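Here are a few friendly notes to read alongside the model. Please keep the structure open and find each place as you go.

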Amino acid sequence: MPDAPVGSEIRAAGALPWRPSGSGRLWRSPGRAREVALIHRPKYDDWSFPKGKRDPGEHVLLTAVREVAEETGLRVILGRPLTQARYERGGRPKRVDYWVARSAPGSPDSFQPNHEVDSLEWLPVPAAHGRLSYPHDEQMLDEFAAAPADTVPFVLLRHASAGGKDTWKADDLDRPLDADGAVESDLLARLLACYGTCRVISSAAERCVATVRPYAALTGAKLEVEPALAAGAFEDDPETGPALVTAAVAAGQPTVVCAHRENIPPLLAAACAALGAAPPDGSALRKAGFWVLHSAGGALVATEQHAAE
């Protein structure tokens, strides 16, 4: 592999794994103490949270999940994002993206020392604060402790690439994904799986259904098709789609909704209103792009935006 250009940004990702004190099982009460997982790296003789460099072409969501698995043996589900770490390494800028994370159902709960990490310890937040080697990790731990640990993701997804409607002569609801869109839908299956198994709701348009079909198959989720989310349906009835999203958010269940460029803004506004917040700032979603709204107790805690690339 050729050397990276001088001065180019190094990308890395990791997570802050947590569990209720004295238990490896997920527990939702905000009043119970929490433990976080710290790792010791003999090469640097430091204590930190699991993280590592992104493989070429790898999405940072996949990097975070992979690195936690490699360094701790834990398969995790990502929660809300935490503040990025930015610093220089070898004269090059480095950016590390972090998420709160919990063990996925069925994940092994045993650590095996390896050449990079020789020890893992679950510590209560105060003890972890005193053990960490770097100020940024301490700040990130404070950020984790200041908000709910367990959040519910609501994902609003724009369908993958489906070519241009001007070249499709049949019913637009039947317009399929093109070759790029098929690749994007497969990648989206793995990206969305980073947030666990979610309810899946799609516009009735084939390009939307096909976008989330691989994710539904991967996780075993039922794919629910909603005609009210189709682009044309919004022109006739602009209220039903947002009402559907409002109900889905209110249910408090992890959910993925796949829709169209035209109706993403009102659906995002409805989801945020249901969580008592204004829509987040950010650029319009590209094809196969998605927003993730993380909530707890019916309130918005954090947001993030990603593209399938």
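1. Start with the hairpin made by strands S5 and S6, which has two residues between the strands. Gly 90 sits in the turn, and its phi is positive, about 60°. Keep in mind that this is a predicted model.

2. S5 covers residues 76–89 and runs antiparallel to S6, with 10 bridges joining them.

3. Is Trp 18 buried or exposed? Trp 18 has a relative accessible area of 4%, so it counts as buried, the cut-off being under 20%. For a sense of distance, Lys 222 lies 204 residues from Trp 18 in sequence and 29 Å from it in space, C-alpha to C-alpha.

4. Next, look at a pair of helices. H7 spans residues 240–250 and H8 spans residues 264–274; they pack at an angle of about 35°, and their axes are 8 Å apart. Their crossing is right-handed.

5. Which residues in H7 and H8 meet? From H7 come Gly 241, Pro 242, Val 245, Thr 246 and Val 249, and from H8 come Pro 266, Leu 267, Ala 270, Ala 271 and Ala 274. Sorted by class, this contact has eight nonpolar residues, two polar ones and no charged ones.

Conventions:
Residues numbered from 1 in each chain as written. Predicted model: local features only at pLDDT ≥ 70, side-chain atom pairs only at ≥ 80, totals over all residues. Heavy atoms only, no water. Axes fitted to C-alpha atoms, helices over the stretch in contact; angles between N-to-C directions. Helix = DSSP H or I, 4+ residues; strand = E, 2+ residues; numbered from the N terminus. Left-handed = near helix turned anticlockwise from the far one by under 90°. Contact = heavy atoms within 4.5 Å. Nonpolar A, V, L, I, M, F, W, Y, C, P; charged D, E, K, R; others polar. Buried < 20%, exposed > 50% of the residue type's maximum accessible area, 1.4 Å probe, protein only. Pairing = 2+ DSSP bridges.
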